[in-house]
Amino acid sequence: MESSTRTAVVTGGASGIGRSVCEHLAAQGHRIGVADANAEASEKLVAELRSAGAEAVAVEVDVADSAAITTALGTVREAFGPIEILVTSAALGGFTPFEEITLDDFNRYVAVNLTGTFLCIQGVLPDMVSAGWGRIVTISSAAGQTGAVNQGHYATTKGGVIALTKTVALEYAARGITVNTIPPFVADTPMLRGQQEAKKLPPEKILSRAIPMGRLGSGDDIAAMCAFLCTDAAGYVTGQVIGVNGGAVV
Ligand SMILES: NC(=O)c1ccc[n+]([C@@H]2O[C@H](COP(=O)([O-])OP(=O)(O)OC[C@H]3O[C@@H](n4cnc5c(N)ncnc54)[C@H](O)[C@@H]3O)[C@@H](O)[C@H]2O)c1
């Protein structure tokens, strides 16, 4: 059972996996900064978390914007004190044949998915170093482990997130800070449903056939592991790629 409550920031916290992570961390008693580009959805979630008894604040941010991250993290610190938990779930996802990926598209994926993760981690590490305690969980993707057809931009950034996670884990292992990544395969979220509506991904019945457990993942599946990685009990787990994928990638 977790004893200490901490200040947590969840990027991409307003939707899908990030939203479930906010709910799980709030249920553990942590104070939540919902950091997302979608201010309206963040405010709505914050109202729900508060009515369930949690402390939460919404901060509007584009994680590709270094100055905006500094401001957002500052707002969370002002509200709740130093940040000791970071979960990075904000990302762009999509499918484009390799030869059709424009340089602008590629650069935007790198800026949001990879540079955004880098900037958020750098932004919270000073608090964690001062505390001698920290938990960082990045949400990468199975596409970053295996590659993925028509995801040259996305998969590249997610492979980068995995390498970034391992590297920060090694550099900060002796300072009480753990850094792990969860690479989902297929989780039922607005991002996934958007791709299905755009006919870029097949319907649930067909997707489920690629998953040994025979069903899509849920935000709760991912968030349960994420919340565990943020406990004191998980303090000897760092630098790990922990698949929560129904056996789709083993
Ligand atoms: N759903 C899946 O099947 C799946 C599979 C593999 C990996 N993932 C990863 O899981 C994470 C969460 O995905 P999801 O399915 O919950 O997606 P989602 O689209 O439901 O949620 C993503 C959230 O990120 C926010 N966001 C997007 N760009 C942002 C930016 N520049 N700055 C701040 N916020 C921004 C969006 O507003 C949204 O609230 C992503 O990193 C995604 O790549 C998801």
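Which side chain meets that of Arg77 in a salt bridge? The partner is Asp127, with 2.7 Å from N to O, where a salt bridge is a side-chain nitrogen of Lys or Arg within 4 Å of a carboxyl oxygen of Asp or Glu. The pair links distant parts of the chain, since Arg77 lies in helix H3 (residues 66-80) and Asp127 in helix H4, 50 residues apart. Helices (H or I, at least four residues) and strands (E, at least two) are DSSP runs, numbered from the N terminus.

This is a predicted model, in which local features need pLDDT of at least 70, side-chain atom pairs count only at pLDDT 80 or more, and totals for chains, interfaces and linings use all residues. Residues are numbered from 1 along each chain as its sequence is written, and side-chain values use heavy atoms, with hydrogens and water left out.

The two members of the opening pair can also be placed by their accessibility. Arg77 is partly exposed at 27% relative accessibility, whereas Asp127 is buried at 13%. Here buried means under 20% relative accessible area, exposed means over 50%, and partly exposed lies in between (1.4 Å probe, protein chains only).

The structure holds nine salt bridges. Side chains of opposite charge can pair when their charged atoms come close. Arg19, Glu23, Lys44 and Glu48 are linked in a network of such bridges. Lys44 and Glu48 both belong to helix H2, where they are four residues apart, about one turn of the helix. Arg19 is partly exposed, with a relative accessible area of 23%, and Glu48 is partly exposed at 33%. Lys44, at 55% relative accessibility, counts as exposed.

The strands come next. Strand S5 (residues 134-139) is mostly covered, with six of its six residues buried. In a regular strand the side chains alternate between the two faces of the sheet. In S5, Gly134, Ile136 and Thr138 point one way, while Arg135, Val137 and Ile139 point the other way. S5 pairs with strand S4 (residues 83-88) in the parallel sense over four bridges; two strands pair if DSSP finds at least two bridges between them. Leu86 stands opposite Ile136 of S5. The chain passes from S4 through H4 to S5 in a right-handed β-α-β crossover, meaning that, with the strands pointing away from the viewer, the path from the first strand over the helix to the second runs clockwise. S5 is also joined to strand S6 (residues 177-182) by six bridges, and these two strands run parallel. Ile139 has Ile182 of S6 as its bridge partner.

Rolling a probe the size of a water molecule over the atoms shows where empty space is left. On a 1 Å grid over the protein atoms alone, a cavity is a set of points where a 1.4 Å probe fits but cannot get out, and a pocket is an open set with protein on both sides within 12 Å along at least five of seven lines; lining residues have an atom within 4 Å of a point. Grid points are joined across faces, edges and corners, and a volume is the space filled by probe spheres set on the points.

The largest pocket has a volume of about 1,000 Å³. Of the 46 residues that line this pocket, Gly93, Tyr154, Thr189, Met191 and Leu192 are the closest to its centre. Helix H7 provides the largest share of the lining, four residues. By class, the pocket lining has 28 nonpolar, 14 polar and four charged residues; Ala, Val, Leu, Ile, Met, Phe, Trp, Tyr, Cys and Pro count as nonpolar, Asp, Glu, Lys and Arg as charged, and the others, Gly among them, as polar.

A search of the whole structure finds two cavities of 30 Å³ or more. The largest cavity holds about 50 Å³ of space, and its lining includes Leu86 and Cys120. H3 gives the most to this lining, with three residues. The second largest cavity has a volume of about 40 Å³, and its lining divides into seven nonpolar, three polar and one charged residues.
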